[in-house]
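Subject: Structure for you to look at

Hello,

Here is the structure I said I would pass on. Please open it and keep it in view while you read the notes below.

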Amino acid sequence: MKRFFTFFFLTFVLVLGVVGCNLISNGGGGDFVVASKGFTEQDILSELLAQQVEATTGLRVGRVRFTGALVTHGAIASGKVDAYVEYSGTAFTVILKEKVVNDAKVVYARLKEAYARRFDLEVMGSLGFENTFAMIIRGEDARRYNIKTLSSAARFTPRWRGGFGYEFVEREDGFPGLAKVYGFRFAKSPRIMDLGLIYRALLQKQVDIINGNSTDGQISRLGLVVLEDDLKYFPPYEAVPIVRRATLQKYPQLRQEIASLVGLISADEMRQLNYLVEGELRDVKDVVREFRQKKGL
């Protein structure tokens with residue numbers, strides 16, 4: 001049995017290596033290679049970086065797609081890619097393995113220093129939005145009861161039922177701490193749900209409050225409301241471009257062009273961009289091109 005697992009592990013690592021090489025060779029050729037972490041929002045943000053650099057510097061830009069923070073970080077740290085967009089809280093807790101800090105400025109400053117010192121990577125300014133955990137209710141309930149914040153929602157929880165993903169229920173910065181901070185008291189234990197079904201359950205009134213991501217395209221499309229985290233429970237997850245410092249030194253013009261994207265996208269705009277790709281099945285390149293034109297880039 002031990003020999004079987006050893007063989008399986010080695011085979012798995014080999015497959016990952018082949019897949020990584022294929023990703024690089026199939027889309028990663030160019031002077032400047034941009035990576036996505038492998039979901040819709042990441043595809044949009046990596047394409048935004050790619051189009052901005054292509055349009056303003058004349059550099060040939062390659063595009064690659066990975067899965068997850070650790071794999072993508074490994075690719076940029078080893079020099080296989082030059083840039084990608086990360087979320088500050090993810091970089092801080094997953095990559096640096098630091099404990100949760102709720103102050104966005106502190107997280108950014110510590111992240112910027114550590115990435116430069118440990119990985120020779122530049123953490124650039126926020127694109128203008130966070131993609132953090134979001135507590136979501138039906139729009140009709142928000143309007144009927146004038147619920148805007150998590151604090152105001154707390155008094156309704158005895159008559160509500162929550163529907164949450166497994167990870168949110170288990171992780172340190174998830175439901176247990178949230179319930180304690182805001183005094184949530186549900187009459188029944190929250191339902192543990194597949195994230196692919198959680199929005200449908202809310203619309204069908206099987207549950208009354210769910211967790212999602214703050215920039216999910218379904219929020220705007222379904223007329224739902226994200227409750228304000230007024231006590232600042234969740235850590236910051238600002239979208240920040242990460243770029244190899246060696247690449248910035250080689251192509252100095254990159255710094256100014258990537259910096260021109262700082263503050264460009266609001267959370268509402270990111271939700272809309274996600275919806276155009278996921279809800280209307282639009283091509284990512286077309287969606288990004290139109291957004292850049294709208295912003296005068």
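The residues that line the largest pocket divide into 13 nonpolar, 15 polar and eleven charged. Here Ala, Val, Leu, Ile, Met, Phe, Trp, Tyr, Cys and Pro are nonpolar, Asp, Glu, Lys and Arg are charged, and the others, Gly among them, are polar. The model is predicted, so local features need pLDDT of at least 70 and side-chain atom pairs pLDDT 80 or more, while totals for chains, interfaces and linings use all residues. Residues are numbered from 1 along each chain as its sequence is written, and side-chain values use heavy atoms, with hydrogens and water left out.

The pockets

How much space lies in the largest pocket? It is about 1000 Å³. A pocket is an open set of points, on a 1 Å grid over the protein atoms alone, where a 1.4 Å probe fits and protein lies on both sides within 12 Å along at least five of seven lines; a lining residue has an atom within 4 Å of a point. The volume is the space filled by probe spheres set on the points, which are joined across faces, edges and corners.

The largest pocket is lined by 39 residues, and Phe133, Glu167, Arg171, Leu195 and Asn213 are the closest to its centre. Two or more lining residues come from each of helix 2 (40–57), helix 4 (88–95), helix 8 (166–170), helix 10 (198–203), strand 8 (209–213), helix 11 (217–221) and helix 14 (267–278). Helices (H or I, at least four residues) and strands (E, at least two) are DSSP runs numbered from the N terminus.

The second largest pocket has a volume of about 450 Å³. Its lining has 20 residues, and those closest to the centre are Glu130, Thr132, Phe133, Asp229 and Lys232. By class, eleven of the lining residues are nonpolar, three polar and six charged. Strand 5 (133–138) and helix 14 each give at least two residues to this lining.

Lys232 sits in the loop between strand 9 (224–226) and strand 10. Its phi is near 55°, a positive value in a residue other than glycine. Is Lys232 buried or exposed? It counts as exposed because its relative accessibility is 57%. The cut-offs are under 20% relative accessible area for buried and over 50% for exposed, with partly exposed in between (1.4 Å probe, protein chains only).

The cores

A nonpolar core is a set of buried Ala, Val, Leu, Ile, Met, Phe, Trp, Tyr and Cys residues joined through side-chain atoms within 4.5 Å. The largest core holds 34 residues, of which Phe32, Leu45 and Ile265 touch the most other members. Strand 1 (32–36), helix 2, strand 3 (83–87), strand 10 (239–244), helix 13 (253–259), helix 14 and helix 15 (284–294) each supply at least two of its residues. Helix 2 gives the largest share, six residues.

Contact means heavy atoms within 4.5 Å.

Helix 9

Which residues of helix 9 (175–182) are buried? They are Phe175, Gly177, Leu178, Ala179 and Tyr182. Their cover includes strand 5, helix 7 (150–153), strand 6 (162–164) and helix 8. After helix 9 comes Gly183, with a positive phi near 70°.

Two buried asparagines

Asn274 is in helix 14. It counts as buried because its relative accessibility is 3%. Its side chain makes a polar contact of 3.0 Å with that of Glu41. A polar contact is a pair of N or O atoms within 3.5 Å; within protein, one must be able to donate a hydrogen and the other to accept it, and residues adjacent in sequence count only if both atoms are side-chain atoms.

Asn211 is in strand 8. At 4% relative accessibility, Asn211 is also buried. Its side chain reaches the backbone nitrogen of Gly165 at 2.9 Å. Among the residues in contact with Asn211, leaving aside neighbours within four places in sequence, are Phe133, Met135, Phe168 and Leu195.

Regards
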